[in-house]
Structures are given as structure tokens and as C-alpha cells.
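Welcome, and please keep your viewer open beside this text. We will go from one selection to the next and look at what is there.

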There are 2 protein chains.
Amino acid sequence: MGRVFGRKLAEELGVSYYDKQLISEISKHADLDETYVSGTLEKGIDVYPVQCGVTFSQPRYNKQMMEVIVAQCEILKQLAKKGDCVIVGRSADAILADLNPFNVFVYADMATRVARCKERETSQKPLSDRETERLIKEIDKGREKSHALFTSKKWGEKEGYHLMLNTTDCDVEVLAKSIAKYIDAWFTAKGL
Amino acid sequence: MGRVFGRKLAEELGVSYYDKQLISEISKHADLDETYVSGTLEKGIDVYPVQCGVTFSQPRYNKQMMEVIVAQCEILKQLAKKGDCVIVGRSADAILADLNPFNVFVYADMATRVARCKERETSQKPLSDRETERLIKEIDKGREKSHALFTSKKWGEKEGYHLMLNTTDCDVEVLAKSIAKYIDAWFTAKGL
């Protein structure tokens, strides 16, 4: 729902919108396979690889993973330079922190998230509710880990956001419309 | 800042507003001293008094404390029956949960909270920044404890709110104005 909300928000604000296509931009920039980049960003990268009892072992992140991270930062900075925009995910709140972006966290309760995932499900063998919930939790874990690379503020905790928006049982079109007005007012009040 | 925001929000929505005056209503209702009621509600009441190593001891909450809690619930329910309103604090989100209220959590970073407290300070011997911070944390702890009496949803954690609003460096008048519009749109979308 984050993406549907983000797209509508960008439309209301009259600015550019970026989400999944960032993956292919990052892949091109780092000259790496799109599936690899997508997988790396989805699973998340540990900041401090734990190596208990193992000496001279390989660190858990490798050169290619570092290239993905660097490319992600460079692409986000390039896009932000082009002009005002809405970016969904990709730890943009942390990577672009020096530009003082307005950070929104969109969330919903687990039942709603499972139901929305199942609505979008196109597989011949759809996941059960329990499997969908497990997948959602894994994805969240990956997001949390990736976010932790760039900031000490925890992903999904209120301290890092200007606004946290519960979309449980909500019409995202309505939300985006009035949140766009709120963001407009917020920037105007700051003289920006 | 929660109260300033709440008052402005009620004004924008054209509904009644309740905060500190609830203390005197609760005191009258329970026939208890206002200072006692205010102190009890501020410190918060433990749900599970810990009685390690002590047998046949008095529980840590007494009859009067229970009267305060009952009066608080009754007063809030009475007020809600009168019509739409904005209630600041008093665990109204949890106590009135069956009425499906719109729950907003207003927060700010510690530096901002300390500065705002000091602006309102009228004492001859004002507290230091560190003492103010300690006091704020104590008050939060009390709120968290009181809230836990009525719900399993944690005070200040996103799951229990429709909207969480960071007021750090913000003009509360602007915030309240556009949030009122958001809340209006939210209720309209739900046909309420």
C-alpha cells in the first residue's frame, strides 16, 4: 500500500515519483544483475557481521554488496538533485537526511497487510495466510537491516519520521489527497 | 504541546475540547481531593503490583485509586455521549475504544520538549535541562503505566494510533489546521 499511497501523493503534489524502477537504475549504475540487486536490497545487509568462534573467515558482505549500497546512495542523490520528488523505500529518509526531506511512515495492522498481499497475489499456488505473514515479517526484517546501515534511527519508530500514517481500513486516495495538503502547509510554514 | 494542538484542533473541527478540567470532573465524581486525583493519574498505577518476598501485604493500589480509575472511565463516557469532541490524554483512546475514536499521538524530540517546558516554567527556581528531561521521562512513564490499565496496545507505539505527528520545530497552528482537514476527510470516507 506504501507504493499506491506514494504514487498518489506524488500526483497530488505534482512531483516525480520513484519506487521499484530504482532497482534497475541501481543495477545499471553498479553494472550488476537486476535480480541480484533486488535480492540484496530485499534481504537487507547486516552492518556488523557476527563471526563468533570463526577466525580468518570471509566477512558476510562482499564487494558486490558494497557496490549495490554505493550505487543506491549515488542514484538517490542524483534523483533528489533533479527536483522535488516522492521516493518509496530504499532508506531514502536516511540517505538523503542532509536535504531535510519530509519523512512519512505508512503502516497497517497485520490482518490488513496479509489481505492486501493476497489481493495482489498472481501465483498459481497462492501462499496461505500464515505463509504470507511470515513473508511480510521477513521483508520488514530486511528493510530494518538495510535502514540500519545508514542511520541510528530505527526503521518504523516514530523518532525518525515527521508523520506516521495508519492505513488500516483506509481509502488511500483520500489519505494521499489530504496528506499532500498537510505536507504543502508544512513546507510553506517553514518558508520552503 | 499536545494540549495547544488539541485545543486548536477542536476549534478547527468545531467540537468540544477537554483536557486538564477532566481532573476536577473526576475529583467531583469520585468525591476525592483534586490534588490526590491529579497525583494518582500523573504517577500512573501499576497493573500488576510486584510483591516479591512480602506476604499478606497491602496491594500497591488502594480503594481510592480504584475510585479514581472508575470515575475517569465514567466521566469520559459521559462526555463522549454529549457529542463529538477532542480529548487530550486520560487514556481516552483506550477507554473509549468501542466508540472507534480517531487516535492521534503527538510527539517531539527531547530537546524540543525540554525547551517547550522551560518556556512555560513559572517557578522562581527553574529546573535545569537535565532535571526537566528527568521530569518529562517520569511523566511519560506514568502515562504509559496508566494507559496499560485499559489496553494491551502500548502508549506511544504506532499500532494504537491512526496518526502520529512529530511536532519538532513545527508551528502547531498550521499542523492543527491541516490535520483537522485530514480527520474530516477520514470520517467522510468512512461515511461517518
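## First stop: a helix and its neighbours

The buried residues of α2(A) pack against β1 (16–18), α3, α4 (63–82) and β2 (85–87) of chain A; contact here means heavy atoms within 4.5 Å. Helices (H or I, at least four residues) and strands (E, at least two) are DSSP runs, numbered from the N terminus. Before going on, note that this is a predicted model, in which local features need pLDDT of at least 70, side-chain atom pairs count only at pLDDT 80 or more, and totals for chains, interfaces and linings use all residues. Residues are numbered from 1 along each chain as its sequence is written, chains are lettered from A and ligands numbered from 1 in the order in which they are written, and side-chain values use heavy atoms, leaving out hydrogens and water.

Now select residues 21–30 of chain A, which form α2(A): L22(A), I23(A), S24(A), I26(A), S27(A) and A30(A) are buried there (under 20% relative accessible area, with a 1.4 Å probe and protein chains only). Step just past the helix to D31(A), which has a positive phi of about 55°.

## Two crossing helices

Next, show α3(A) (residues 34–43) and α7(A) (residues 129–148), whose axes come within 6 Å and cross at roughly 90°. The axes are lines fitted to C-alpha atoms over the stretch in contact, and angles run from 0 to 180 degrees between N-to-C directions. On the α3(A) side, pick L41(A), E42(A) and K43(A); on the α7(A) side, pick I139(A), G142(A), R143(A), K145(A) and S146(A).

Which sense of pairing joins β4(A) and β4(B)? Select residues 163–166 of chain A with β4(B): they pair in the antiparallel sense over three bridges (pairing needs at least two DSSP bridges). M164(A) stands opposite M164(B).

## Last stop: the core

The largest nonpolar core has 34 residues, and F5(A), I179(A), Y182(A), F5(B), I179(B) and Y182(B) have the most contacts inside it. Such a core is a set of buried Ala, Val, Leu, Ile, Met, Phe, Trp, Tyr and Cys residues joined through side-chain atoms within 4.5 Å. Finish on Y182(B), whose contacts include L165(A), L175(A), I179(A) and F102(B).

Methods
Buried means under 20% relative accessible area, exposed over 50%, partly exposed in between (1.4 Å probe, protein chains only). Lists of a residue's contacts leave out its neighbours within four places in sequence.
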